[in-house]
Amino acid sequence: MNVFRHFSPVLLAVLATAAPAADFDGSRPLICAPLVAIDCARGEECLSGLPEDIDAPAFMRFDFKKKQVSGARVASDILLLERSDKHLLLQGREGEYGWTIVIGAGSGDMTVTLATRGTAVVMHGSCTVD
């Protein structure tokens, strides 16, 4: 699946812009765009598609001062934030889902997992300073 055909060249250029590693250490607000989503239910084949196919937000904003991550409709508290020289790890919950978000310290690459009993969603995307 070529998910990049669905995004404008301008958006891709913004997301691909290299930023210093300090930009991804939780000291500055970020905006991230999920680019691909994988939806899995226990006992069923996982399905890959676009984030909008699973009603995920087009953009996620990270406000580290408020300790929140938000989409278009929902804001979730960041309950755990850990930094290392390789990544920024965030955890929290939204409704019945527990989530983990890992952002590459040097790249801004993002992986999101959401899990509840019998269901899991994985999204991959990119981040930049907001």
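Reply: Take the link between Cys40 and Cys46 to begin with: the torsion about its S-S bond is about 120 degrees, so this disulfide is right-handed. Keep in mind that the model is predicted. The two sulfur atoms of Cys40 and Cys46 sit 1.9 Å apart. Are these two cysteines buried or exposed? Cys40 has 19% relative accessibility and so counts as buried, the cut-off being under 20%. Cys46, at 38%, counts as partly exposed.

There are two disulfides in the structure, and the other one joins Cys32 to Cys127, with 2.0 Å between the sulfurs. That pair bridges distant parts of the chain: Cys32 belongs to strand S1 (residues 30-41) and Cys127 to strand S9, 95 residues apart. The Cys32 and Cys127 link is right-handed too, with 110 degrees about its S-S bond, and both of its cysteines are buried. Count the bonded cysteines along the chain and you get the pattern 1-4, 2-3.

Now for the charged pairs. A disulfide is a covalent bond between two cysteine sulfurs, while side chains of opposite charge can pair when their charged atoms come close. Searching the whole structure turns up two salt bridges. In one of them, Asp55 meets Arg73 at 2.9 Å, N to O. Asp55 is in the loop between strand S2 (47-49) and strand S3 (60-63), and Arg73 is in the loop between S4 and strand S5 (75-83), so to speak 18 residues down the chain. Both Asp55 and Arg73 are exposed.

The other salt bridge pairs Arg61 with Asp130, whose closest N and O atoms are 3.2 Å apart. Arg61 lies in strand S3 and Asp130 in the segment after S9, so this pair ties together parts 69 residues apart in sequence. Arg61 is partly exposed at 41% relative accessibility, and Asp130 is partly exposed at 46%.

Asp55 also takes us to the largest pocket, where it is one of the lining residues nearest the centre, along with Ala56, Pro57, Glu94 and Leu114. The volume of this pocket is about 540 Å³, and 22 residues line it. By class, 14 of those are nonpolar, four polar and four charged.

Definitions and conventions
Residues are numbered from 1 along each chain as its sequence is written. This is a predicted model: local features need pLDDT of at least 70, side-chain atom pairs count only at pLDDT 80 or more; totals for chains, interfaces and linings use all residues. Side-chain values use heavy atoms; hydrogens and water are left out. On a 1 Å grid over the protein atoms alone, a cavity is a set of points where a 1.4 Å probe fits but cannot get out, and a pocket is an open set with protein on both sides within 12 Å along at least five of seven lines; lining residues have an atom within 4 Å of a point. Grid points are joined across faces, edges and corners, and a volume is the space filled by probe spheres set on the points. Ala, Val, Leu, Ile, Met, Phe, Trp, Tyr, Cys and Pro count as nonpolar, Asp, Glu, Lys and Arg as charged, and the others, Gly among them, as polar. A disulfide is a pair of cysteine sulfur atoms within 2.5 Å. Helices (H or I, at least four residues) and strands (E, at least two) are DSSP runs, numbered from the N terminus. Buried means under 20% relative accessible area, exposed over 50%, partly exposed in between (1.4 Å probe, protein chains only). A salt bridge is a side-chain nitrogen of Lys or Arg within 4 Å of a carboxyl oxygen of Asp or Glu.
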